[in-house]
Amino acid sequence: MSASADSPLLAVRDLVVEFVSRRGRVRALDGVSFELGRGEILGVVGESGAGKSLTGSAVIGLTEPPGRIAGGSIALDGQRIDALPESQLRRIRGKRIGAIFQDPLTSLNPLYTVGQQLVETIRTHLPLDAAAARERAIGLLRDTGIPAPEARIDQYPHQFSGGMRQRVVIALALAAEPELVIADEPTTALDVSIQAQVIGLLKRLARERGVAVLLITHDMGVIAETCDRVAVMYAGRVVEVGPVREVIHAPAHPYTAGLMAAIPRLDAVGGDERLAQIDGTMPRPGAWPTGCSFHPRCPHAQPRCAEGERPTLRAVGSTEAACWLAPIVALTEAAA
């Protein structure tokens, strides 16, 4: 049964993902929680190894063995999908949830034309005959900015540039009119002009079609330009979540503040100001420090941060942060 219009389209609660081997269990996601509304773009950002892509894979049901969902829940429009049989999940994936991955070559079959791949996807999920599916495929290519779609629909992936292939992947993700799109690093390796076009397309999807977008990226610039809200991940957890403007301009978690300080400033170009950095590296899954996982790298760390349980998200102004000292950190960063 569908949830009400006011409820989130996607609700992830205390999601735990583990990898099981002969050496034991390694927890890679440890209680990830967030919500995503219809027509909203939520950015997920963090360093490599934070768990961003793994979160997207879990939502779409593509966690590969030896990885498995070991706890929590994933609900789409009020219906739990994390424990569905693969046959049912396959019908949801592609029809109600679309996916855009970083490398379009992994999503496109080089042996078939882009039109054949689009038509097959459309006919799998929508009650259309071959002619109507082809017309829809041409329209999708046109909507995603492919020039002369009537001719290019019969070309193979290798005949498209990298940016054009990514547009084809976006068209594939939209083929069955999904409610949710998972976009994992969709602008990486694209030049700046193509990045801007892809960002514009994602924003138009959310605004005009009400599609919810989960945008996974390491680029805070893309987050700032594209998203309504942002979830910052560190060591398998969301450590801060809130409206993009507030998180960027008044970060409440010291890790978020470190990410923001590491972004080059245009007004500092040519000056003597050194680029800030976060000392140390992301801890590996299975080797997370006790207490707050960020405390070995945190300039504000206190004895409490290294002891006992990991802090959970709590309200700090208009955002939420998983930090014992979040109000103090927010005030310190605002004054800096």
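## A colleague's note on the strands, cores and contacts

1. Two strands pair if DSSP finds at least two bridges between them. Strands (E, at least two residues) and helices (H or I, at least four residues) are DSSP runs, numbered from the N terminus.

2. A word on the model before going on. It is a predicted one, where local features need pLDDT of at least 70 and side-chain atom pairs count only at pLDDT 80 or more, while totals for chains, interfaces and linings use all residues. Residues are numbered from 1 along each chain as its sequence is written, and side-chain values use heavy atoms, leaving out hydrogens and water.

3. E8 has another partner to look at. Strand E7 (residues 180-184) also pairs with E8 in the parallel sense, over five bridges, and Leu 180 stands opposite Ala 212 in E8. To get from E7 to E8, the chain passes through helix H7 (residues 192-209), in a β-α-β crossover that is right-handed. Right-handed here means that, with the strands pointing away from the viewer, the path from the first strand over the helix to the second runs clockwise.

4. Why can E8 (residues 212-216) be called largely enclosed by the rest of the structure? Five of its five residues are buried, so the strand is largely enclosed. Buried means under 20% relative accessible area, with exposed over 50% and partly exposed in between (1.4 Å probe, protein chains only). Ala 212, Leu 214 and Ile 216 point one way from E8, while Val 213 and Leu 215 point the other way.

5. Now step back to the whole sheet. It is open, has eight strands with mixed pairing, and its order is E6-E7-E8-E3-E9-E10-E12-E11. Its edges are strand E6 (97-100) and strand E11 (314-316), each of which pairs on one side only. On average, neighbouring strands of this sheet are turned by 20° against each other, direction ignored. H7 lies across E3, E6 and E8, and runs at about 140° to E3. Axes are lines fitted to C-alpha atoms, for helices over the stretch in contact, and angles run from 0 to 180 degrees between N-to-C directions.

6. E10 runs antiparallel to strand E12 (residues 319-321), and two bridges join them. Glu 240 is in E10 and stands opposite Ala 321 in E12. Is Glu 240 buried or exposed? At 0% relative accessibility, Glu 240 counts as buried.

7. What does the side chain of Glu 240 make a polar contact with? One partner is the side chain of Thr 256, at 2.8 Å. The backbone nitrogen of Ala 252 lies 2.9 Å from a polar atom of the Glu 240 side chain. A polar contact is a pair of N or O atoms within 3.5 Å; within protein, one must be able to donate a hydrogen and the other to accept it, and residues adjacent in sequence count only if both atoms are side-chain atoms.

8. Next, the nonpolar cores. Such a core is a set of buried Ala, Val, Leu, Ile, Met, Phe, Trp, Tyr and Cys residues joined through side-chain atoms within 4.5 Å. In the largest, which has 94 residues, Leu 180 and Tyr 255 touch the most other members. Leaving aside neighbours within four places in sequence, Tyr 255 is in contact (heavy atoms within 4.5 Å) with residues including Val 232, Tyr 234, Ile 278 and Phe 294. A second, separate core has seven residues, among them Ala 252 and Ala 321.

9. Ten bridges join E1 to strand E2 (residues 24-36), and a hairpin connects them through two residues. Val 16 has Asp 30 as its bridge partner in E2. Eight bridges join E1 to E4, where Leu 76 is the partner of Leu 10.

10. Asp 77 sits in the loop between strand E4 (67-76) and strand E5 (79-80). At 7% relative accessibility, Asp 77 counts as buried. A polar contact of 2.4 Å joins its side chain to that of Arg 38.

11. Finally, helix H1 (residues 52-60). Seven of its nine residues are buried, so H1 is largely enclosed by the rest of the structure. Among the buried ones are Leu 54, Ala 58 and Ile 60. Just after H1, Gly 61 takes a positive phi of about 80°.
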